[in-house]
Structure formats: C-alpha cells, structure tokens
Amino acid sequence: MSTIASVDLQTLGDAFGQGAIYALMAVGIGLVFGVLRLVNFAYGQLIMAGAYTLAYTSGWPVAASIVSCFAVVVTLSLAMDRLVFRPLRGSSPAVMLVTTFAVSFFLQALALIIDLRDGTLGQIASSVAPLNQAVSVGGVDVRKVTFVAVGVAVGALVALALVLARTTIGLHTRAAASDFRTARLLGVRANRVIAFAVVVSGLLAGAVAVLLTVQNPFVQPDFALEDTIIVLVGVVVGGIDRLWTATLGGFAIGFVSVLVNAALPTDKTVFLPSVVYALVIVVLLLRPAGLFAWGRRAAVERV
Amino acid sequence: MSRRLDTLTELLGPAVIVILVGALATTASASNEVYFLNALVFVAIVVAIYVFVGISGVLSFGQISFVAVGAFAAGVMTVPVDSKKGVLTSVFPLLRDHSVGNVPSLLLAAGLGGVFAFVVGLPLMRLSGLAAGIATFAVLEITHNVLREWTKIGPGATTLALVPETTGALQATLGALVAIVVAFLYQRSRRGRLLRASREDPAVARSVGVNIHLERLLAFTLSGALAGFAGALYVHLLGSITTEQVYLELTFLTLAMLVVGGLTSLWGAVIGALGVSGLDSFLSRAEQSHVHVVLTFTLWQGTRLVFLAAIMALVLILRPSGLTGGRELRLRWSLRRGRG
C-alpha cells in the first residue's frame with residue numbers, strides 16, 4: 001500500500017516537473033505568437049543551440065557556461081526575428097509556419113555539421129548534471145531538478161506577470177497582443193515590443209535548455225524537437241490567443257502525459273502517443289477556441 | 001474561346017511537364033532514374049495534399065497519414081504469399097494468406113485512404129485554423145503510433161521489405177497524371193468552386209447557402225483517396241518501407257513543396273514538388289560526389305539540408321505566395337496582369 005502511494009507521489013512530482021518545463025516553453029511560444037501572430041516551430045532549435053553551448057562549454061565554470069548559453073540563445077532569437085520574422089510580417093499563417101519549419105531544419109542541419117566535426121554524433125552537456133540526483137522528501141525520492149524546474153517556472157511566470165502588468169513595455173506588449181494595428185496607431189513602437197517578446201522568449205528557451213540537459217545530457221541535433229511539438233499542441237489545446245491559457249495548456253499536456261504514462265499497463269505504454277493525441281482531438285472538438293478559454297465564444301468573423 | 005484556352009492550359013501545363021519528366025526518366029542512367037521517379041511520386045503526394053489544403057485553405061498536417069495507410073496496405077498486400085509466412089509472421093491470417101496484384105493494390109490503397117479520411121474528417125472538418133492543423137496533426141501521430149506498434153496489421157517497427165518494385169517510369173508518370181486530372185476535374189467542378197468560395201470568404205459563402213462542413217469533408221475524402229493512391233505508388237517505387245519514412249519529415253517536406261510552389265494552384269503544387277525534389281536530388285548527388293559548379297568541391301554531410309532549408313526559407317521570405325504566386329498557368333501574360 002505504502003509503495004503504491006509513494007510511487008504515485010513520485011509520479012506526481014515528475015508530472016509537475018515536466019509540466020513546469022513545458023509551461024516555460026509555452027510562454028516563450030505564446031509571447032511571440034501574441035505580438036507576431038506567428039507559430040514558431042523553430043523554438044526547439046533555440047533550446048537545442050543552448051544545449052550545444054552548454055555541452056561545448058562543459059569545461060568552464062558552471063556560471064560562465066550558463067551565461068554563455070543564455071547569450072547564444074538570445075542572440076539567435078534576435079537574429080531569427082530580424083532575418084526571418086520581420087520580412088514575413090503580415091504573411092498568411094501557413095507561410096509563416098512553413099518558413100519556421102525551414103528555419104528549424106536549417107538549424108538542425110547546421111548543428112549536425114558542427115557536431116560531426118569531431119567525428120561522432122552527439123555531445124555531452126554535464127555541467128549541471130548533479131541536479132539529477134534525488135533527494136528524499138518524506139520517504140519519496142524526488143530529483144532536485146524537479147524543484148529547480150518548478151521554482152524557475154513559478155519565478156519566471158511571476159516576474160513576467162509583474163513586468164506585463166506594471167511596466168510601460170508590458171502595457172505596450174499587452175496592447176499589441178490584443179490589437180496590433182490599433183496599438184501602433186496609438187503610438188506603441190512595433191519593433192520595440194517585438195524585440196521585447198523575442199528577447200524574453202529567448203531567455204526562457206535558455207532556461208529550458210539548462211533544465212532539459214539535466215534530464216538528458218546527451219545533446220543531438222534533434223534535441224528538444226519532440227518536446228517542442230508536444231508543447232505546440234498543448235498551447236493550441238489550451239488556447240493560443242491568450243498567454244495564460246497557452247501556458248496552462250503547455251503545463252497540462254506535460255502533466256497529463258506523465259500521468260497517462262503511469263496509468264497505462266506496462267505492455268500498453270507504447271500506445272501512449274495515441275491516447276494523448278486522442279484526448280487532444282476530443283478537447284479540440286469540444287472547445288476549439290481552447291480548453292481554458294472561458295467566456296470567449298469563437299465568433300464567426302464578420303465581413 | 002480564350003476562356004477555353006485558359007482551362008486547357010490549366011490542365012495541359014502540369015500534364016505536359018509531368019510527361020516530360022517521365023520521358024527524361026527513361027533516358028537517364030539507372031542510378032539517376034530513381035530521382036525522376038521520386039519527383040513524380042512527390043507530384044502525386046503534393047497534388048493530393050493540394051486538393052484539400054490548397055482549395056479549402058484549411059491547414060492539415062494529417063494527409064501523410066493517408067499516404068502511410070495506402071503505402072502499408074499496398075505493401076502488405078503485394079508481398080508474395082510464400083515470402084509473407086517468413087517476414088510477416090504476426091499479422092492476421094486474412095492478410096497473411098492472401099496477396100493481390102499491382103493494380104488492385106493501387107485501388108485498394110486509394111479506397112482505404114478515402115474511407116479513413118472520411119471517417120476522420122466527419123468530426124474534424126468542423127474545425128478550422130490552428131485547431132484544425134493541430135487536430136489533423138494528432139491524426140498523423142495516432143496513425144504512425146498504431147502502424148508502428150500494432151504488429152497484427154503490418155510489420156510494426158521493422159522494415160516492410162520484398163514489395164514488388166512496379167513503379168517504373170510508366171507507372172510513376174501515369175500515377176502523377178491521374179492525380180493531376182482528378183484534382184483538375186474537382187477544382188473545375190461545382191463542388192470545387194463552392195469550397196474555393198468558402199476559402200475566400202467563409203461568412204459570405206455560408207450566407208449564400210454553402211454547406212462548408214460538407215464541402216470540406218468531400219475534399220478531405222478525395223484528398224485522402226489520392227494520398228492513399230500516392231502512398232501505394234511510393235511503396236512500389238521503394239520496394240521496402242518503414243513507418244518513419246511516411247511521418248514527420250515527409251509531412252514537412254511535402255507541405256513545404258506545396259507552399260514553395262504556391263499554395264492555391266494546381267500548377268503551384270506540381271512546380272513546387274518538381275522544383276524542390278529536383279533541388280534535393282542535385283544536392284544529394286553533390287553530397288555524395290565532387291561537383292563542378294565554379295570550383296570542384298566536396299560537400300560534407302548535412303550540407304544538403306542546410307542548402308535546401310535555406311533556399312526554401314529564402315523563397316518564402318522573398319515570395320510569400322510561392323513561385324507561381326498561387327496562380328494557374330496562363331499563356332497570355334498581359335491578361336494575367338490585368339486581372340491580378
């Protein structure tokens with residue numbers, strides 16, 4: 001009895017950890033979508049770039065390694081905006097999405113070339129690996145990274161909420177997210193708001209890179225690709241039109257996947273994706289505007 | 001008269017270029033022929049996607065599910081019965097003890113693709129925008145997961161081999177032509193025009209009595225049948241296949257072909273498929289050997305994808321409506337500008 005209860009608590013801990021990391025990614029994707037109306041499929045490759053930076057700076061002091069990870073990811077995020085997103089502003093959603101596919105493949109192929117210079121595929125990012133050790137809390141083994149992930153997620157979300165609520169740039173960002181053209185007419189500077197969103201989303205990608213390399217220190221070109229796809233699904237299921245519903249969606253899909261995985265019989269866990277995606281379809285059919293988008297009916301656009 | 005000429009060009013342009021590629025395939029060396037055939041099968045797949053995504057304007061990541069179902073259905077059913085007992089040991093006896101010929105397998109794949117698309121589309125076609133994109137993506141994930149793990153209907157995670165390689169120059173060309181003609185007839189038909197109207201303005205289309213759900217469902221089913229058919233062509237070209245070959249990468253690549261060519265025209269679908277696969281073949285040959293462009297240089301592994309992705313991104317940034325601008329082929333250039 002007690003073993004079952006402890007396993008369940010452990011699963012719950014893992015579920016919160018996974019949910020927290022996915023929530024951070026969801027904020028990064030949701031912020032950029034808010035101001036640019038662009039679903040950034042290449043978000044995972046920002047995280048991958050951060051993870052490679054951590055791997056290549058493994059010999060450095062931990063702090064220096066993490067700082068360089070953030071620097072690389074934010075620079076890449078800004079470059080992506082300047083070179084790709086800006087020329088695409090105002091294009092159709094399909095074109096923007098497919099272009100970010102292309103960017104994603106480009107960065108993965110580039111990473112492959114850089115990675116293969118030493119003759120082997122994959123690099124080890126071990127500088128923050130000690131966080132993977134477990135600590136015992138009331139008889140339950142919880143990995144340290146779970147606390148760090150939940151702590152970072154809560155801290156980042158509270159900080160972001162304060163910035164969005166209390167500062168001028170936050171006000172401008174919220175205005176741009178609700179109606180970009182009107183906000184511009186009222187004097188909100190488009191490039192500044194977009195740069196703000198892009199930098200914050202880059203910072204979050206850097207944080208996720210650190211957290212994910214703790215779980216999986218073996219970095220390859222497709223690092224974080226699968227996670228990004230799952231988070232994109234979660235963001236739309238939650239409701240991409242608002243940052244908070246998007247974040248909740250990201251959290252929910254991470255949380256639920258871990259729970260469903262634990263609930264399935266061992267010989268049936270291979271069908272986990274089918275179960276999760278069937279749930280996704282059901283939710284989308286019942287609430288196409290988003291699971292958490294309360295009080296907002298998806299109105300037919302008028303002519 | 002001139003309108004009739006336009007209609008004719010709209011069909012003949014794509015058809016002639018496909019026949020040309022097919023003719024080139026027969027003159028190419030054995031090692032090069034596969035690139036041409038590959039391009040033709042991609043035309044069939046991209047045209048299948050165009051029938052739904054291009055005409056309805058609803059983004060779908062799910063059409064490769066129907067390619068996958070078609071490929072595995074045609075593949076499993078054409079492996080000779082004698083070999084099946086050795087390689088497909090765990091499948092249902094019905095599948096294990098029977099095999100069909102090449103043409104029936106193509107029809108079977110088209111039928112299965114259509115039925116599957118209809119069943120999936122019945123609830124899903126109520127959605128539009130990003131919700132539709134994600135829901136169809138979920139269909140792709142589920143299809144891939146089931147094909148990969150359920151060994152009673154196919155080879156599971158192992159390679160399905162020993163499929164007769166019947167897609168030569170003739171079958172690839174005819175297959176691509178069938179897809180083009182079906183797409184052309186559909187887009188010129190009343191139903192196709194109603195769906196196109198709903199893409200341009202859903203509210204107005206609905207107000208004049210277009211049943212958008214029904215029109216989308218019809219196009220989705222037709223697209224599923226064509227995709228299943230294209231999947232069968234694909235498996236008969238490759239001779240062996242795994243579930244990973246009809247999954248994410250193929251989805252992104254074919255969607256990219258459609259968008260690069262021009263999302264809203266049949267001409268764009270054909271040009272995109274041929275252009276991107278031509279570029280891809282050139283780069284993969286370059287990756288394997290020395291290429292004389294300006295200087296002789298050897299490309300190292302990964303370079304092909306870097307170039308391919310960079311060129312696709314460039315095309316989309318410089319020309320967001322695709323190489324053809326999303327228009328059908330017209331012979332009289334002045335008129336085109338007048339209408340633009």
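Predicted model: local features only at pLDDT ≥ 70, side-chain atom pairs only at ≥ 80, totals over all residues.
Entry on the core. I looked up the largest nonpolar core and found that it has 193 residues, with A:Ile47, A:Val280, A:Leu284, B:Val43, B:Val47 and B:Val246 making the most contacts inside it. I then noted that helix 2 of chain B, residues 30-56, gives the largest share of this core, 17 residues. Turning to A:Ile47, and leaving aside residues up to four places away in sequence, I listed its contacts, among them A:Met25, A:Leu212 and A:Phe223.

Entry on helix 7 of chain B. I checked the length of this helix, residues 129-149, and its end C-alpha atoms are 31 Å apart, which agrees with the 30 Å that 21 residues should span at 1.5 Å a residue. Because 15 of its 21 residues are buried, I describe the helix as largely enclosed by the rest of the structure.

Entry on aromatic pairs. I counted 16 aromatic pairs over all chains. For B:Phe52 and B:Phe220 the ring centres are 4.9 Å apart and the planes stand at 75 degrees, so I recorded the pair as edge-to-face. B:Phe52 belongs to helix 2 and B:Phe220 to helix 11 of chain B, so this pair ties together parts that are 168 residues apart in sequence. B:Phe52 is buried at 1% relative accessibility, and B:Phe220 is buried at 1% too.

I next took B:Phe92 and B:Trp150, whose planes lie at 85 degrees with ring centres 6.0 Å apart, so this pair is also edge-to-face. Here B:Phe92 is partly exposed at 36%, and B:Trp150 is partly exposed at 38% relative accessibility.

Technical notes
Residues numbered from 1 in each chain as written. Chains lettered and ligands numbered in written order. Heavy atoms only, no water. Helix = DSSP H or I, 4+ residues; strand = E, 2+ residues; numbered from the N terminus. Expected span 1.5 Å × (residues − 1). Buried < 20%, exposed > 50% of the residue type's maximum accessible area, 1.4 Å probe, protein only. Core = buried A, V, L, I, M, F, W, Y, C linked by side-chain atoms within 4.5 Å. Contact = heavy atoms within 4.5 Å. Phe/Tyr/Trp six-rings, centres within 6.5 Å; stacked < 30°, edge-to-face > 60°.
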